[in-house]
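Here is my note on the model you asked about. Please read the points with the structure open beside you.

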Amino acid sequence: MLLRLRIPGLLLLSALIFGNCSKPPEEPRPTHEESTSHTGEIIFQTRCFVCHGREGKGDGPASTGLGATVRDLTSRSWQDSTSDETIRSVIRNGAQAVGGSAAMPPNRDLSDLQIQSLVRYIHALRK
Ligand code: HEC
């Protein structure tokens, strides 16, 4: 009985996480050093949305129980109060590096171009 109840939840979660994999990619995936106009979006919708949500509002499927509130990246007041430098540092080194929470993990595998593209994508989320 318990198992039966759990399976639909798991399927839903898998669909949320892997749902996009079935769509054919619009263009070849960028390699490590390449950056196209979609790079930031692709990375965000692959690894950031789980916490930050599809639209960046901080309401992703893994946004609760982290011990920290996931930043609403669409917030005007936050966007106005931060800098590209800070955003780049948070993405690369995690929020702890700028005095924030360890719940925002580092992304040391991303290249400068990929991070810059994410910064542009984050600015485009501004409401
Ligand atoms: C495991 C959940 C999680 C993932 C995955 C995650 N974040 Fe975050 N992020 C957080 C949390 C929690 C905060 C708030 C940290 C704080 O306020 O100290 C945050 C904060 C931020 C901030 C704002 C930092 C500030 O100065 O207030 C930015 C920008 C950000 N994340 C970008 C990203 C990007 C880009 C990715 C993907 C590469 C990403 N995050 C992936 C949880 C996550």
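1. Asparagine 107 touches Ile91 and Arg92, leaving aside residues up to four places away in sequence. Touching, or contact, means that the C-beta atoms of two residues, placed from the backbone, lie within 7 Å. Asparagine 107 sits in the loop between H4 and H5. Its C-alpha atom is 5.9 Å from that of isoleucine 91, although the two are 16 residues apart in sequence. Asparagine 107 counts as partly exposed because it has 17 C-beta neighbours inside 10 Å. The scale runs as follows: buried means 20 or more other C-beta atoms within 10 Å of the residue's own, exposed means 12 or fewer, and partly exposed lies in between, with C-beta atoms placed from the backbone.

2. A word on the model. This is a predicted model, where local features need pLDDT of at least 70 and side-chain atom pairs count only at pLDDT 80 or more, while totals for chains, interfaces and linings use all residues. Residues are numbered from 1 along each chain as its sequence is written.

3. Now the overall layout. The chain has 5 helices and 0 strands. From the N terminus on, its elements run α-α-α-α-α. Helices (H or I, at least four residues) and strands (E, at least two) are DSSP runs, numbered from the N terminus. Of the 127 residues, 17% count as buried. Among contacts with a separation of 6 or more, 45% join residues 24 or more positions apart.

4. Look next at H2. This helix has 14 residues, yet its end C-alpha atoms are only 17 Å apart. A straight helix would reach 20 Å at 1.5 Å a residue; the expected span is 1.5 Å times one less than the number of residues. H2 has a kink of about 50°, centred on glutamine 45. The bend at a residue is the angle between axes fitted to the seven residues ending there and the seven starting there. Just after H2, glycine 53 takes a positive phi of about 85°.

5. Which residues of H2 are buried? They are Thr39, Gly40, Ile42, Ile43, Cys48, Phe49, Cys51 and His52. H5 is included in what covers them.

6. Histidine 52 belongs to H2. It counts as buried because it has 24 C-beta neighbours inside 10 Å. Histidine 52 touches Gly58, Gly60, Val70 and Leu73, not counting residues up to four places away in sequence. Its C-alpha atom is separated by 8.4 Å from that of alanine 62, 10 residues apart along the chain.

7. The largest nonpolar core has 14 residues. Such a core is a set of buried Ala, Val, Leu, Ile, Met, Phe, Trp, Tyr and Cys residues joined through C-beta atoms within 7 Å. Ile43, Cys48, Ile91, Leu118 and Ile122 have the most contacts inside it. H2, H4 and H5 each give two or more residues to this core. H2 gives the most, with 5. Isoleucine 91 touches Asn107, Leu110, Ile115 and Leu118, again not counting residues up to four places away in sequence.

8. What surrounds the ligand? There are 27 residues around it, and Cys48, Cys51, Gly100, Ser101 and Met104 come nearest. A residue is near a molecule if its C-beta atom, placed from the backbone, lies within 6 Å of it. Helix H2 (39–52), helix H4 (84–93) and helix H5 (112–124) each give two or more residues to the shell. H2 gives the most, with 7 residues. By class, the shell has 19 nonpolar, 6 polar and 2 charged residues. Here Ala, Val, Leu, Ile, Met, Phe, Trp, Tyr, Cys and Pro count as nonpolar, Asp, Glu, Lys and Arg as charged, and the others, Gly among them, as polar.

9. Aspartate 72 lies in the loop between H2 and helix H3 (76–81). It touches Lys57, Gly58 and Trp78, not counting residues up to four places away in sequence. Aspartate 72 and lysine 57 are 15 residues apart in sequence but 4.3 Å apart in space, C-alpha to C-alpha. Aspartate 72 counts as partly exposed, with 17 C-beta neighbours inside 10 Å.

10. Last, alanine 124 in helix H5. Is this residue buried or exposed? Alanine 124 is exposed, because 11 other C-beta atoms lie within 10 Å. Alanine 124 and glutamate 41 are 83 residues apart in sequence and 9.9 Å apart in space, C-alpha to C-alpha.
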